[in-house]
Amino acid sequence: MSKTTDIAKSTIVLVGAGLGGLALLEKLSTSINPDKHSLILIDARPALMHLISTLRLIVSDSDNLLEKAIHPYGTHTFRNKFVGNASFIHASVTEIKFGDSELLLNNGQTVKYDVLVLATGSVWPRPIAFPNESREAIIEHVKSRRAEFEKATNILLVGGGAVGIELSGELRDAFPTKPITIIHRERLLLNSTYPDKFRIRMQRQLETRSIAVLTDDYISDSDLASVSESQVPSAGFVSARGTKLNPDLVVPTWGNRPNTSYLPSSVLSSSSRVKILPTFQLPDHPNVFAFGDIIDWDEQHMAGKAVAFHAPKVATNVMLYLNLVESAGPDAKVDLSASKKSVKYTGSFEGLAITNGKASGLGFLDVLWGITLSGWVVSMIKSKGLFVSGLSKVTGYTPSTSK
Ligand SMILES: Cc1cc2nc3c(=O)[nH]c(=O)nc-3n(C[C@H](O)[C@H](O)[C@H](O)COP(=O)(O)OP(=O)(O)OC[C@H]3O[C@@H](n4cnc5c(N)ncnc54)[C@H](O)[C@@H]3O)c2cc1C
């Protein structure tokens, strides 16, 4: 078992190099003192999976996303004051020994930290639950999903949240005539964070593209348990409301949950999210911070929040914490919340943009009286390009576009 630590400097360990993690890295890269601080970045995958574009990625090779949406981590990941002062480990954290300030990894390594930041995101439904071990395994997963969609003649998506809706739109773009149905337990698509009017408009928009939507309805748990993704009883299903369904491909698109299985229940809420103070610190572990999808905060978890509203505050507080510890000495207790310079999270506002294939979609901003963004606006902002063109700026990696 090897130990990774730099005893001369304070070590910041960042677990999770997703959209939130990389935003924090960028912020810290300009504010650390390279003589005093170093960083270790750990991610279970060898490459960033750009989640926002993955539903197009798994349906077809449109936009060459295999090249453009999977960005390997490497020395290019580290910029500014992290150049030569940071390292990447491709491994999963399996346990945190808070008392010893160390992490255990699935490759047998132990990593010591002075400050730890957790940004491990969500576990997504099977179609976008990408493997961890290698880029090749990720590509294999993508190709298998594409082959399943190509072969299917009648597709049922179980779950009408953002993933189900966006997937249905991508499928419709790729397969203009295949029957596609979404079944959703709730009264209307999405959830009650969004106004009924918006949820109904979303449904109408899908229906105009011949995507059938069944709401307030579900497949029984025993039926769901009896099928794996592509094995459907030939007799089909009868939904709870009595609709006969005959899909030859059933795709789970519901049930994303926080990726926190490596953490003890003592630091988690009943919904398995990480309990935090407004400074993003764990209440009983002042040198441990968490942000992004995993936090127990009453909000819809989105990249926009992790990047724009969480990461800048976490960066300020991490630097302040390190400076306070340095002034007070290693054994002194530091109360970050009490410092006037610490920044507290008070929440942000809700907003989302949902694609419906490349040329359509719908958006909602919970500001003023509640603003709905039209299909044209959402297609310009999101659906057309899925934010892929800005990714190199975030990852430092430039894909070869010649392939
Ligand atoms: C199809 C789709 C569309 C979306 N569209 C939007 C959108 O338009 N706008 C928006 O704001 N949000 C959108 N989101 C949500 C957004 O992608 C997430 O909210 C965001 O990525 C969360 O950022 P994060 O840094 O918390 O986690 P992630 O970006 O998920 O990153 C977590 C990282 O942690 C790593 N990790 C996990 N466990 C471990 C471990 N034990 N050890 C080491 N590493 C680990 C993972 O490999 C991953 O790289 C979308 C999501 C999906 C799936």
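Predicted model: local features only at pLDDT ≥ 70, side-chain atom pairs only at ≥ 80, totals over all residues.
**View 1. The protein chain is assigned two domains.**
Domain 1 covers 3–126 + 257–328, and domain 2 covers 127–255 + 350–395. Their C-alpha centres lie 28 Å apart. Where the two meet, 32 residues of domain 1 are in contact with 33 residues of domain 2. On the domain 1 side, at least two residues each are supplied by β4 (47–49), α2 (54–57), α3 (65–68) and β5 (70–72). The most comes from α2, which gives four residues to this side.

**View 2. Six strands form an open sheet with mixed pairing.**
The strand order is β6-β3-β2-β10-β20-β19. At the edges stand β6 (86–90) and β19 (281–282), and each of these pairs on one side only. Strand β2 (residues 10–15) runs parallel to β10, and four bridges join the pair. Strand β10 (residues 115–118) also pairs with strand β20 (residues 285–290), again in the parallel sense, over three bridges. Strands β19 and β20, in contrast, run antiparallel and are joined by two bridges. These two strands form a hairpin, with two residues between them. In this pair, Leu282 has His285 of β20 as its bridge partner.

**View 3. Helices α1 and α8 cross each other, and the crossing is right-handed.**
Two packed helices are described by the angle between their axes and by the distance between those axes. For helix α1 (residues 19–31) and α8, the axes come within 8 Å and cross at roughly 35°. The residues that α1 brings to the meeting are Leu19, Gly20, Ala23, Leu24, Lys27, Leu28 and Ser31. Those they meet in α8 include Ala303, Ala306, Val307, His310 and Ala311. Further along α8, Pro312, Val314, Ala315, Val318 and Met319 also take part.

**View 4. In strand β10, residues that point in opposite ways are all buried.**
Val115 and Val117 point one way from the strand, while Leu116 and Leu118 point the other way. Leu118 of β10 stands opposite Val15. Leu118 also stands opposite Ala290 in β20. For Leu116, the bridge partner in β20 is Val288. Leaving out residues up to four places away in sequence, Val117 touches Ile12, Leu14, Leu24, Phe289, Val314 and Val318.

**View 5. The largest nonpolar core has 105 residues.**
Within this core, the residues with the most contacts are Val13, Leu14, Leu24, Val117, Ala290 and Val318. Helix α8 (residues 303–328) gives the most to the core, with nine residues. Domain 1 and domain 2 both give residues to the core, so the core lies between them.

**View 6. Four strands form an open sheet with parallel pairing.**
The order in this sheet is β14-β13-β12-β17. Strands β14 (211–214) and β17 (249–252) stand at the edges with a single partner strand each, so one side of each has no neighbour in the sheet. From one strand to the next, the twist averages 20°. Strand β12 (residues 155–158) and strand β13 (residues 180–183) pair in the parallel sense over four bridges. Ile155 has Ile180 in β13 as its bridge partner. Helix α5 (residues 162–174) packs on the sheet and touches β12, β13 and β14. The direction of α5 makes about 175° with that of β13.

Technical notes
Residues numbered from 1 in each chain as written. Core = buried A, V, L, I, M, F, W, Y, C linked by C-beta atoms within 7 Å. Buried ≥ 20, exposed ≤ 12 C-beta atoms within 10 Å, placed from the backbone. Domains from an automatic or database assignment. Contact = placed C-beta atoms within 7 Å. Pairing = 2+ DSSP bridges. Axes fitted to C-alpha atoms, helices over the stretch in contact; angles between N-to-C directions. Left-handed = near helix turned anticlockwise from the far one by under 90°.
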